[in-house]
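These are my notebook entries on one structure. I list what I looked up, entry by entry.

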Amino acid sequence: MVTSTALPTSLSPAELPAVVEEELGATPFIDIHTHLFMPSLGNLGLWGIDELLTYHYLEAELFRSNEITPAEYWQLSKRAQADLIWRTLFVENAPVSESTRGVVAVLHAFGLPTDASDLGKAREFFQAQSPEAHIRNVFKLAGISEVVMTNDPLDPLEAPLWKKGAAPDRQFQPVLRLDRILNRWAEHWQALVAEGYSVNADATGKSVDEIRRFLADWCGRMAPVYMACSLPDTFQFPESSIRGRLIAEAVLPACREFGVPLSLMIGVRYQVNPAIRLAGDAVGRADLRALEHLAVTYPDNRFLVSLLSRENQHELCVYSRKFRNLMPFGCWWFLNNPSIVEEITRERLEMLGASFIPQHSDARVLEQVIYKWRNTRRTLAPILTRAYQTLTEDGRGVSRAEVRRDVHRLFRTNFEQFAGARH
Ligand code: RAT
Ligand code: ZN
């Protein structure tokens with residue numbers, strides 16, 4: 001006789017939408033890549049209405065709808081820049097783009113007017129907040145338990161704070177960001193020399209050992225949850241460049257030694273329009289054979305991977321099916337729009353089940369996590385619901401506990417386990 005173990009009650013197709021929404025709402029997410037800073041890093045952390053409005057995603061949109069030149073814009077005070085962006089993108093136009101709608105959602109979340117002709121009320125509100133309580137409130141509204149920072153050991157403002165012993169904060173996990181070292185060695189090797197590391201312009205001789213000593217010192221100081229680098233669309237590996245050698249001989253061994261993954265964010269075409277500064281980067285399709293080579297050659301390294309080009313997304317899913325040391329994460333930067341997030345997330349779910357990390361916020365201004373995570377939950381709910389409904393139609397129901405398990409995996413434990421994080 002066949003005995004069957006009773007599974008918890010399956011949900012009907014009609015019950016699924018509400019349950020998925022509830023579970024997404026009730027699960028505190030880990031935001032695995034942001035540009036936010038813990039309070040002990042002083043004034044590095046950005047927050048408030050003027051910062052929200054001068055986000056580089058919005059600056060790019062300003063120059064399409066206002067005659068001002070970038071040179072004139074950069075002459076203005078931050079407050080005047082924010083006023084101009086508000087007037088141009090929120091008063092003289094309806095704020096329908098993803099980034100403008102985000103500011104509206106943040107104002108609305110705090111009960112502030114969303115259609116005011118000026119920023120008076122909003123400025124008053126943000127000025128009245130005390131930072132630590134405000135952070136707690138924002139995390140609660142965003143439904144996140146912690147964020148992962150981006151910490152650059154060669155940033156002249158940030159590095160001294162770490163050296164003085166910035167107090168760690170469970171809500172803000174550190175990441176050792178390596179862009180200056182790996183992408184712009186020529187401009188930065190002397191900063192290492194100034195700190196007592198014997199490196200040279202060609203990164204030859206003792207340089208590699210010394211960079212490993214530098215990385216070890218910073219791992220000791222920061223205890224990062226991973227190391228990270230953004231890379232151009234032209235990224236190749238192996239490569240006989242300084243970057244290629246430093247990745248192979250310094251960074252990957254250091255990641256193995258300290259038991260942390262390396263995050264590769266590939267596909268930036270840096271500064272195609274330098275006049276608009278941070279908004280001046282574009283996107284290009286990358287050659288993922290570089291990733292294949294890394295995954296095959298370094299099975300003892302783990303790679304978190306986010307790709308900027310929409311055209312690379314399917315390939316990343318295929319490679320992730322081949323190599324368990326690859327973890328796709330997020331819909332990065334120009335991809336973080338509902339139409340594209342939907343396409344990428346459905347593809348990942350269909351090809352990888354729940355073994356990926358659907359999103360990170362990339363927030364640069366504290367309150368952005370409110371709208372970015374709200375949007376993610378809203379886009380994800382129908383995708384997950386549809387997946388469970390189709391499964392039910394095909395003969396296998398799912399319970400609330402299973403929905404919860406998947407949501408936890410996608411937005412918490414995949415990261416915790418892959419990063420070997422100290423949770
Ligand atoms: O999305 C962004 O804000 C970009 O400017 C970059 O910061 C990117 O996310 C990165 O981490 O390099
Ligand atoms: Zn980023």
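This is a predicted model: local features need pLDDT of at least 70, side-chain atom pairs count only at pLDDT 80 or more; totals for chains, interfaces and linings use all residues.

Entry 1, helix 1. I looked up which residues are exposed, and found Glu 21, Gly 25 and Ala 26 on one side of helix 1. Exposed means over 50% relative accessible area, buried under 20%, and partly exposed in between (1.4 Å probe, protein chains only). Helices (H or I, at least four residues) and strands (E, at least two) are DSSP runs, numbered from the N terminus. Helix 1 spans residues 16-26, and its buried residues are Leu 16, Val 19, Val 20, Glu 23 and Leu 24. These cover an arc of only 130 degrees around the axis, so they sit on the same side of helix 1. The arc is taken from the directions from the helix axis to the C-beta atoms. Their cover includes strand 1 (29-31), helix 17 (368-393) and helix 18 (400-419); contact means heavy atoms within 4.5 Å.

Residues are numbered from 1 along each chain as its sequence is written, chains are lettered from A and ligands numbered from 1 in the order in which they are written, and side-chain values use heavy atoms, without hydrogens and water.

I found the zinc ion (ligand 2) coordinated by His 33 (NE2), His 35 (NE2) and Asp 362 (OD), at 2.0 to 2.1 Å. Donors are N, O and S atoms within 2.8 Å of the metal (3.2 Å for Na, K and Ca); water is not among the atoms, so sites may look incomplete. His 33 is buried at 3% relative accessible area, and His 35 is buried at 15%.
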